[in-house]
Amino acid sequence: MRKWFAVIGDPIEQSMSPKMHNSWFIENEIDATYIPIHVSKADLKEAVMSLKRLGCSGWNVTVPHKTAIIPFLDHIDPSAKIMNAVNTVEVLSDGTLRGSNTDGIGFVRSLEEAFPGQLDNKKVLIIGAGGAARGIAFALQESNYGPIAFTNRTIEKALELSSELLGSTAMSIESAEASLQEYGLIIQTTSVGMNFSQQGVPLNPENLAEGSIVADIIYNPLETELLTKSLERNALTMNGTGMFVHQGAFAFEKWHGIQPNTEKMIEKITITLGGSYVNR
Ligand code: ATR
């Protein structure tokens, strides 16, 4: 039987994962297909059982099921435990289901691809203290980047996260703004600037040092106001397209044992999103 893969979520129509994985299947001459499946919250357990019964070889999980799916899986790997969220499920040869999370490592790989050899010895500031910030912070530390500081609208959450990540610190948005010039790598993980729905910037980048790297995990719009303002201050910037592509690429590797082409895919997705943004 032809192998098939899926992404489950609600809503799901907007997902670019099917286009990405199907395109990689063609490029790598893999005889398989990848489909989007709309699954509402109430149907999640049933959906997991059905995917397994119908011979799905693996699937991605998106909003709102990333945490809710955990009880229905057999093994949860450390990346998903840390984030308390699963975005990739592998169906093992004995039929058991393994959940992992490729978001954090996907971000780190996208950063390394965009700025090769330019990341060492940089102080890192992460804006935000939610699930995305957590995954990225642990993945960065595992790859020996840092030291890491968190800043967040709700300082308590930043303090809590920093108490879990050895060697990290937390500070208010005001303190981060005042000391911004110290940070060589600034990572924006909040939803501020997303889809034009939450206008503005999560932090005033006035004190940004020239040549520092500012990465925003948002890719719609391709250039958030934070990135525009950072470019005006001669920072190097990266949007979230690379993270999206690399989280998918790492899932692809887990399922097929092949590293797909990420640079070409970032270009394709950028065009799909109607833009010409390049990391620079
Ligand atoms: P995700 O999994 O995408 O990280 P999350 O866990 O809900 O989502 O975290 C959202 C993050 O965006 C939090 O850091 C949140 O700040 P609070 O902890 O203060 O809520 C941040 N965030 C969301 N909307 C924001 C806004 N309008 N201004 C500033 N920060 C915002």
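In this predicted model, helices H4 and H5 cross each other in a right-handed sense. Two packed helices can be described by the angle between their axes and by the distance that separates those axes. Here, H4 spans residues 103-114 and H5 spans residues 131-142; the angle between them is about 60°, and their axes lie 7 Å apart. Because angles from 65 to 115 degrees count as roughly perpendicular and those under 35 as roughly parallel, H4 is classed as oblique to H5.

On the H4 side, the contact is formed by Gly104, Ile105, Phe107, Val108 and Leu111, while H5 contributes Gly135, Ile136, Ala139 and Leu140. Sorted by class, the contact of H4 with H5 holds 7 nonpolar and 2 polar residues, with no charged ones.

The next element to consider is the sheet. Six strands make up an open sheet with parallel pairing, in the order S9-S8-S7-S10-S11-S12. Strand S9 (169-171) and strand S12 (236-238) sit at the edges and have a single partner strand each, so one side of each has no neighbour in the sheet. On average, and with direction ignored, neighbouring strands are turned by 20° against each other.

Within this arrangement, strand S7 (residues 124-127) pairs with strand S10 (residues 185-188) in the parallel sense, over 4 bridges. Val124 stands opposite Leu185 of S10. Helix H4 returns to the picture here, as H4 packs on the sheet and touches S10, strand S11 (213-216) and S12. The direction of H4 makes about 140° with that of S12.

Key: Residues are numbered from 1 along each chain as its sequence is written. This is a predicted model: local features need pLDDT of at least 70, side-chain atom pairs count only at pLDDT 80 or more; totals for chains, interfaces and linings use all residues. Side-chain values use heavy atoms; hydrogens and water are left out. Axes are lines fitted to C-alpha atoms, for helices over the stretch in contact, and angles run from 0 to 180 degrees between N-to-C directions. Helices (H or I, at least four residues) and strands (E, at least two) are DSSP runs, numbered from the N terminus. Angles under 35 degrees count as roughly parallel, over 145 as roughly antiparallel, 65 to 115 as roughly perpendicular and the rest as oblique. A crossing is left-handed if the near helix is turned anticlockwise from the far one by less than a right angle, and right-handed if clockwise. Contact means heavy atoms within 4.5 Å. Ala, Val, Leu, Ile, Met, Phe, Trp, Tyr, Cys and Pro count as nonpolar, Asp, Glu, Lys and Arg as charged, and the others, Gly among them, as polar. Two strands pair if DSSP finds at least two bridges between them.
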